[in-house]
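Please read these notes with the model open beside you.

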Amino acid sequence: MGDLSGTMLEQAETALFREQIAESIRATMWIGDATREDELEKFSSFTGIIKKILDDSTASDSEIKKIELSAEPSETNIESTLKQLWANASDLLKSLKSEGNLAFFMTSDAYAAYEESLDAAEYETAYVARQNGRKELMYKGIPLVDIKVDDYIELVGDLPTTFILLTDRRNIALAVNTNDFPGTEVKMWYNPDEMENRQRAVFMATCDYLLPELVSIAYM
């Protein structure tokens, strides 16, 4: 109710505000769709990577490699899916493996299924990993990255519930500009009339992938 200016509560609120902005940008980069209704929780401020890839993959001359999955990821089928993704990838994408920038970006269900498949292996190393956990999962020396957007996908309800994207990290670009256009501001202030502490952030943000031949995606 009171003015928080100059207090520790203002510092805490400012930190939380910044974290939420960053998370919103991160989630929108993956699952955004500018054609949705303009509501913050719908991630509609700009169109994200997955929507762009799936839209572009429908073109007759598209160089995007895609696989439509017929079953949800499980410990029995996830390795074959990763194998398909790699086999389906373009020669250009495969040739970049030695540079160390390839990654499988995936939803949490696919990530968990692969971890379960490793846990099921009857080897001493698998037993030790079950006890101690794994810092990083890899397939063919390529890191698996859980992008943690499953709850957001369920919220928007118009994207595949599962996807695995194999690409070069350098093929994904996110741009955020908080300085160079009219109306930009990140501001917190106290409104004495309403007795409220308020926040507002206005900035430019967008994302894209650069080369379609560096994309191999599986989804359902």
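1. A charge sits over a ring if NZ of Lys or CZ of Arg is within 6 Å of the ring centre and within 35 degrees of the ring normal. Lys97 meets this over the face of Trp86, at 5.4 Å from the ring centre. Lys94 also lies over the face of Trp86, at 6.0 Å from the ring centre.

2. Some ground rules apply. This is a predicted model, in which local features need pLDDT of at least 70 and side-chain atom pairs count only at pLDDT 80 or more, while totals for chains, interfaces and linings use all residues. Residues are numbered from 1 along each chain as its sequence is written, and side-chain values use heavy atoms, with hydrogens and water left out.

3. The structure holds 4 aromatic pairs. Rings of Phe, Tyr and Trp (its six-membered ring) pair if their centres lie within 6.5 Å; planes under 30 degrees apart count as stacked, over 60 as edge-to-face and the rest as tilted. One of the pairs is Trp30 with Phe105: the centres are 5.4 Å apart and the planes stand at 40°, so the pair is tilted. Trp30 belongs to helix α1 (residues 8-31) and Phe105 to strand β2 (residues 102-106), so the pair ties together parts that are 75 residues apart in sequence. Helices (H or I, at least four residues) and strands (E, at least two) are DSSP runs, numbered from the N terminus.

4. Phe104 is in strand β2 and Tyr139 in strand β3 (residues 137-139), 35 residues apart. Phe104 is buried at 0% relative accessible area, and Tyr139 is buried at 8%. Together with Tyr114, Phe104 and Tyr139 form one aromatic cluster.

5. Which residues of helix α3 (residues 78-88) are buried? They are Ile78, Thr81, Leu82, Leu85 and Trp86. Seen down the axis of α3, these residues fall within an arc of 135°, so they line one face of the helix; the arc is that of the directions from the helix axis to the C-beta atoms. An α-helix has 3.6 residues a turn, so residues three or four places apart point the same way. The face of α3 turned away from the buried side carries the exposed residues Lys83 and Ala87.

6. Glu99 sits in the loop between α4 (91-95) and β2. Glu99 is partly exposed, with a relative accessible area of 45%.

7. Two loop residues deserve a check of phi. Most residues other than glycine have a negative phi. Lys148, in the loop between β4 (142-146) and α7 (150-156), has a positive phi near 50°. Lys148 is exposed at 55% relative accessibility. Met195, in the loop between β7 (185-191) and β8 (196-202), has a positive phi of about 55°. Met195 is partly exposed, with a relative accessible area of 40%.

Technical notes
Buried < 20%, exposed > 50% of the residue type's maximum accessible area, 1.4 Å probe, protein only.
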